[in-house]
Amino acid sequence: SLMALFLANRGYQIDIFEKEWVDLIVKYNAKIISSERFQARGLRGRSIEAVSIMNGVIALVSKQHNVPVQLITAATWKNQINKLFDLKLLYTKLDITPHTTDAVIIALDGILKQIKIPWKDVNKASIKDLLFQLKEYEIR
């Protein structure tokens, strides 16, 4: 996992992580990057440090390529999506991991902010259809 890469040998792994992000930005001509701003709940190891470093690298690379970065807390996007769906129930209905579901919702949040459409104006059925189609593309 990326977390293990960071914790094992940060200097070398940061270079690899940075190159991956440059490649992604260039290959897909990124217009915005959305990432979850990790917030620790109590003392739970080094995850907060690693994720903060990762978000810092993403922010730096994005700035170098003139791509805005949106860091969003879990509470913010979950509150928005829970106005449309019961997220916990949705996790049980989808045949994809909760992590994949979260990643797609975070990406959708970034897209909606970029095109200035609030979540309340989103077609609920379209979002649900998209999430149910993801199992065809998820790598497990």
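Colleague: Where is Asn-66 found?
Modeller: Asn-66 is in the loop between helix H3 (47-64) and S2. Helices (H or I, at least four residues) and strands (E, at least two) are DSSP runs, numbered from the N terminus. Before we go on, this is a predicted model: local features need pLDDT of at least 70, side-chain atom pairs count only at pLDDT 80 or more, and totals for chains, interfaces and linings use all residues. Residues are numbered from 1 along each chain as its sequence is written, and side-chain values use heavy atoms, leaving out hydrogens and water.

Colleague: Is Asn-66 buried or exposed?
Modeller: Asn-66 is exposed, because its relative accessible area is 72%. Buried means under 20% relative accessible area, exposed over 50%, and partly exposed in between (1.4 Å probe, protein chains only).

Colleague: And what is its phi?
Modeller: Asn-66 has a positive phi of about 55 degrees, although it is not a glycine. Asn-29 also has a positive phi, near 50 degrees, and sits in the loop between helix H2 (10-28) and strand S1 (33-36).

Colleague: New topic: how many aromatic pairs does a search of the whole structure find?
Modeller: The search finds one. Phe-17 and Trp-21 have ring centres 6.3 Å apart and planes at 65 degrees, so the pair is edge-to-face. For this, rings of Phe, Tyr and Trp (its six-membered ring) pair if their centres lie within 6.5 Å; planes under 30 degrees apart count as stacked, over 60 as edge-to-face and the rest as tilted.

Colleague: Why are Phe-17 and Trp-21 separated by about one helical turn?
Modeller: Because they are four residues apart in helix H2. Phe-17 counts as buried at 5% relative accessibility, while Trp-21 counts as partly exposed at 22%.

Colleague: What about Leu-71, which strand is it found in?
Modeller: Leu-71 belongs to strand S2 (residues 69-72), and it counts as partly exposed at 40% relative accessibility.

Colleague: Which residues is it in contact with, leaving aside neighbours within four places in sequence?
Modeller: Leu-71 touches Ser-35, Arg-37 and Asn-55, where contact means heavy atoms within 4.5 Å. The C-alpha atoms of Leu-71 and Glu-36 are separated by 5.4 Å, though these residues are 35 apart along the chain.

Colleague: Last one: where is Ile-111 found?
Modeller: Ile-111 lies in helix H6 (residues 98-114). With a relative accessible area of 44%, Ile-111 is partly exposed.
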